Amino acid sequence: MDQAESLCNGRYLRLVRRGHWEYAERVNASGAVIIVAVTPQDKVVFVEQFRIPLGQPTIEMPAGLVGDQEGEDTIERAAIRELEEETGWRARHVDFLCQGPTSAGMSNEVVAFVRARGLQRVGAGGGDDSEQITVHEVPCEEAAAWLSARAAAGYAIDAKLYAGLYFIHRNADGTAAG
């Protein structure tokens, strides 16, 4: 395999060329985590935020980088921190579901899915000082229709949400969630 040539270095990303292929590498983080969270009232938790690369607001599941916090090196710890920071919900436990590339032809980023359990409301959420996050709690049985309505209203819908909806009731191997 050809040697990687660094084309540009940023705080969170590096643009690399290997042979004829250009792609982005994550730096200062080992990956990302998406949190599938359902409240005790059987509502799935979504977050809304404006995403500069798209130039529009998006609907996503709570998510964040893994390994970007000092002393935090596990998917589970990052998931618990990000869920509380973004949504105000604290999970007693998270279950690892699966992980894989987000865009294998453009980036080396790997994202893990976890299911949050034992949710307790501890704050308002909204993210850290650099974020402006709106939290949405949607009844599970209405989630797909709600997402469709948001798309029709001009929101970008993260396609990974549909995998997240699957993981509400199923494990990665297709068995029922326990």
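The axes of H2 (residues 143–152) and H3 come within 11 Å and cross at roughly 165°, where axes are lines fitted to C-alpha atoms, for helices over the stretch in contact, and angles run from 0 to 180 degrees between N-to-C directions. H2 is therefore roughly antiparallel to H3, a term for angles over 145 degrees. The contact, meaning heavy atoms within 4.5 Å, involves Ala 143, Ala 144 and Leu 147 of H2 and Leu 161, Tyr 162 and Leu 165 of H3. These residues divide into six nonpolar, no polar and no charged; Ala, Val, Leu, Ile, Met, Phe, Trp, Tyr, Cys and Pro count as nonpolar, Asp, Glu, Lys and Arg as charged, and the others, Gly among them, as polar.

The model is predicted: local features need pLDDT of at least 70, side-chain atom pairs count only at pLDDT 80 or more, and totals for chains, interfaces and linings use all residues. Residues are numbered from 1 along each chain as its sequence is written, and side-chain values use heavy atoms, with hydrogens and water left out.

Next, select Arg 26, Arg 51, Glu 60, Leu 65 and Glu 109, the closest to the centre of the largest pocket among its 40 lining residues. On a 1 Å grid over the protein atoms alone, a pocket is an open set of points where a 1.4 Å probe fits, with protein on both sides within 12 Å along at least five of seven lines; lining residues have an atom within 4 Å of a point. The volume of this pocket is about 1,600 Å³. Colour H1 as well, as this helix gives the most to the lining, with four residues. The lining divides into 18 nonpolar, nine polar and 13 charged residues.

Finally, turn to the second largest pocket, with a volume of about 150 Å³. Select Ala 37, Val 38, Arg 115, Ala 116 and Arg 117, the closest to its centre of 13 lining residues. S9 supplies the largest share of this lining, five residues.

Terms used: Grid points are joined across faces, edges and corners, and a volume is the space filled by probe spheres set on the points. Helices (H or I, at least four residues) and strands (E, at least two) are DSSP runs, numbered from the N terminus. Angles under 35 degrees count as roughly parallel, over 145 as roughly antiparallel, 65 to 115 as roughly perpendicular and the rest as oblique.
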